[in-house]
Amino acid sequence: MPELPEVETVRRSLANHIIGQRIAQVEVLSWRAIRPRTEAEFASGLLGRTIVAVDRRGKYLELTLDDGSWLLIHLRMTGQLLVTDKDQPLAKHTAVVFTFDSGKQLRFVDQRKFGLLEHIKDR
């Protein structure tokens, strides 16, 4: 399981690559990774949103969106976040793919399927 220093390293790396990126497409390949549990519900609040900040609260990553909502991510035991070009082949255990207007993708890969992505509209 990633410990706090590893989660902070992921946060810093992500911030360099995804702040200012606009989400053009959300593809859910494993429904177990998301809340709400339907792809349509999960994606509806994310499409067209721009990532304005990447923060950490404990072992959770918080991606703040331009409408004030958050994408909350917990890597759990084997979760990874990869920033790639969209023409790169998907890793075997890719659960969710966010495609940005720029052509880059943020991919959530989780071999053990314990990780979680949750869209939170308000606190």
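Strand β5 has cover on both faces: W70, L72 and H74 on one side, and L71 and I73 on the other, are all buried (buried means under 20% relative accessible area, exposed over 50%, partly exposed in between, with a 1.4 Å probe and protein chains only). That makes β5, residues 70-74, a mostly covered strand, with five of its five residues buried. Keep in mind that this is a predicted model, where local features need pLDDT of at least 70, side-chain atom pairs count only at pLDDT 80 or more, and totals for chains, interfaces and linings use all residues. Residues are numbered from 1 along each chain as its sequence is written, and side-chain values use heavy atoms, with hydrogens and water left out.

**Around β5**

- Helices (H or I, at least four residues) and strands (E, at least two) are DSSP runs, numbered from the N terminus, and two strands pair if DSSP finds at least two bridges between them.
- On one pairing, β4 (residues 60-65) runs antiparallel to β5, joined by five bridges.
- In that pairing, E62 sits opposite L72 of β5.
- The β4 and β5 hairpin has four residues between its strands, and G68 there takes a positive phi near 90°.
- β5 is also joined to β9 (residues 116-120) by five bridges, again antiparallel.
- Here H74 faces L116 of β9.

**The five-stranded sheet**

- These strands belong to an open sheet of five, ordered β2-β9-β5-β4-β3, with mixed pairing.
- At its edges are β2 (34-35) and β3 (51-57), each pairing on one side only.
- Six bridges hold β3 and β4 together in the antiparallel sense.
- D55 is the residue opposite E62 of β4.
- Helix α1 lies across β3 and β4, running at about 175° to β3; axes are lines fitted to C-alpha atoms, for helices over the stretch in contact, and angles run from 0 to 180 degrees between N-to-C directions.

**The four-stranded sheet**

- There is also an open sheet of four strands, in the order β1-β7-β8-β6, with antiparallel pairing.
- β1 (23-28) and β6 (79-85) stand at its edges with a single partner strand each, so one side of each has no neighbour in the sheet.
- On average, neighbouring strands of this sheet are turned by 15° against each other, direction ignored.
- Within it, β7 (residues 94-100) and β8 (residues 104-110) run antiparallel and share five bridges.
- T99 pairs up opposite Q105 of β8.
- Helix α1 (residues 4-18) packs on this sheet, touching β6, β7 and β8, and its direction makes about 25° with that of β6; contact means heavy atoms within 4.5 Å.

**The chain as a whole**

- The chain has two helices and nine strands, and along the sequence they follow the pattern α-β-β-α-β-β-β-β-β-β-β.
- Its radius of gyration is 13 Å, close to the 14 Å the globule rule gives for 123 residues, so the chain is as compact as a globular protein of that length (the radius is taken over C-alpha atoms, and the rule is 2.2 Å times the number of residues to the power 0.38).
- Taken along the principal axes, the C-alpha atoms fill a box of roughly 30 × 30 × 25 Å.
- Buried residues make up 44% of the 123 in the chain.
- Of the contacts with a separation of 6 or more, 60% are between residues 24 or more positions apart.
- The accessible surface comes to about 6,600 Å², with 49% of it belonging to carbon and sulfur atoms (Shrake-Rupley method, 1.4 Å probe; for residues, only the protein chains shown count as cover).
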